[in-house]
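Student: I have a model open and want to work through its contacts. Can we go step by step?

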Amino acid sequence: MVEDNFCYYGAIITLRSDSNRLPGKAMTSVMGKPLITRLIENILKTNISNIYIAMPEDEENKPLHNFLKKFHRNNIKDIFFGNKDNVL
């Protein structure tokens, strides 16, 4: 049962590996950690209770998908795949 004044908040992170300006941005190391790891760690410090990932389903994004499954499976509620041009 949910308390009357309690709300669940969620975050949707859209990811792709083929950025024109900075390819592989999500996996770019910032102070020794991939950028996506830093983003997830910062979200976990808030009152957001559910993290969802939306990303294109193609071969180029498989390494990113595998990284998320390996290192963040306990932090991510679900990963959704969509069309490269409109992942949401």
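Student: Which side chain meets Arg16 in a salt bridge?
Tutor: Keep in mind that this is a predicted model. Side chains of opposite charge can pair when their charged atoms come close. Here the N to O distance is 3.2 Å. The partner of Arg16 is Asp18.

Student: Are Asp18 and Arg16 buried or exposed, or in between?
Tutor: Asp18 has 17% relative accessibility, and the cut-off for buried is under 20%. Therefore Asp18 counts as buried. Arg16 is at 42%, so Arg16 counts as partly exposed.

Student: How far apart are the closest N and O atoms of Asp18 and Lys84?
Tutor: Asp18 forms a salt bridge with Lys84. The limit for such a bridge is within 4 Å. The closest N and O atoms are apart by 2.8 Å.

Student: Why does the pair of Asp18 and Lys84 tie together separate parts of the sequence?
Tutor: Look at where the two residues lie. Asp18 is in the loop between S1 and S2. Lys84 is in the segment after S5, so the parts tied together are apart in sequence by 66 residues.

Student: Which residues are linked in a network of salt bridges?
Tutor: Asp18 meets Arg16 in a salt bridge. Asp18 also forms one with Lys84. The network therefore links Arg16, Asp18 and Lys84.

Student: How many salt bridges does a search of the whole structure find?
Tutor: Asp18 takes part in bridges with Arg16 and with Lys84. The side chains of Lys33 and Glu41 also meet, at 3.0 Å from N to O. The search of the whole structure finds three.

Student: What relative accessibility do Lys33 and Glu41 have?
Tutor: Both count as partly exposed. For Lys33 the value is 31%. For Glu41 the relative accessible area is 30%.

Student: Now the aromatic rings. Why is the pair of Tyr52 and Phe80 described as tilted?
Tutor: A pair of aromatic rings is described by the distance of the centres and the angle of the planes. The structure holds two such pairs. For Tyr52 and Phe80 the centres are 6.0 Å apart. Planes under 30 degrees apart count as stacked and over 60 as edge-to-face, so this pair is tilted because its planes are at 35°.

Student: Which strands hold Tyr52 and Phe80?
Tutor: The pair links distant parts of the chain, 28 residues apart. Tyr52 is partly exposed at 22%, and Phe80 is partly exposed at 43%. Tyr52 sits in strand S4, and Phe80 in strand S5.

Student: What is the angle between the planes of Phe67 and Phe71?
Tutor: These two form an aromatic pair that is tilted. Their distance is 4.9 Å centre to centre. The angle between the planes is 45°.

Student: Why are Phe67 and Phe71 separated by about one helical turn?
Tutor: Both residues lie in helix H2, residues 62-71. Phe67 is buried, with a relative accessible area of 14%.

Student: How many bridges join S4 to S5?
Tutor: These strands run parallel. As one example, Met55 stands opposite Phe81 in S5. With H2, the two strands make a right-handed β-α-β unit. The number of bridges joining S4 to S5 is five.

Student: Which residue in S4 is the bridge partner of Gly10?
Tutor: S1 and S4 run parallel. Six bridges join them. The partner of Gly10 is Asn50.

Student: Which residues make the nonpolar surface patch?
Tutor: The patch covers about 290 Å². One member, Met31, lies in the loop between strand S2 and strand S3. Met31 counts as exposed, at 74% relative accessibility. The patch is made by Val30, Met31 and Leu35.

Student: What pattern does the protein chain follow along the sequence?
Tutor: There are two helices and five strands. Buried residues make up 30% of the 88 residues. Read along the sequence, the pattern is β-β-β-α-β-α-β.

How values were computed:
Residues are numbered from 1 along each chain as its sequence is written. This is a predicted model: local features need pLDDT of at least 70, side-chain atom pairs count only at pLDDT 80 or more; totals for chains, interfaces and linings use all residues. Side-chain values use heavy atoms; hydrogens and water are left out. Rings of Phe, Tyr and Trp (its six-membered ring) pair if their centres lie within 6.5 Å; planes under 30 degrees apart count as stacked, over 60 as edge-to-face and the rest as tilted. Helices (H or I, at least four residues) and strands (E, at least two) are DSSP runs, numbered from the N terminus. Buried means under 20% relative accessible area, exposed over 50%, partly exposed in between (1.4 Å probe, protein chains only). Patches are made of residues with over 30% relative accessible area and no salt bridge: like charges are joined within 9 Å, nonpolar side chains (Val, Leu, Ile, Met, Phe, Trp, Tyr) within 5 Å. Accessible areas come from the Shrake-Rupley method with a 1.4 Å probe; for residues, only the protein chains shown count as cover. Two strands pair if DSSP finds at least two bridges between them. A crossover is right-handed if, with the strands pointing away from the viewer, the path from the first strand over the helix to the second runs clockwise.
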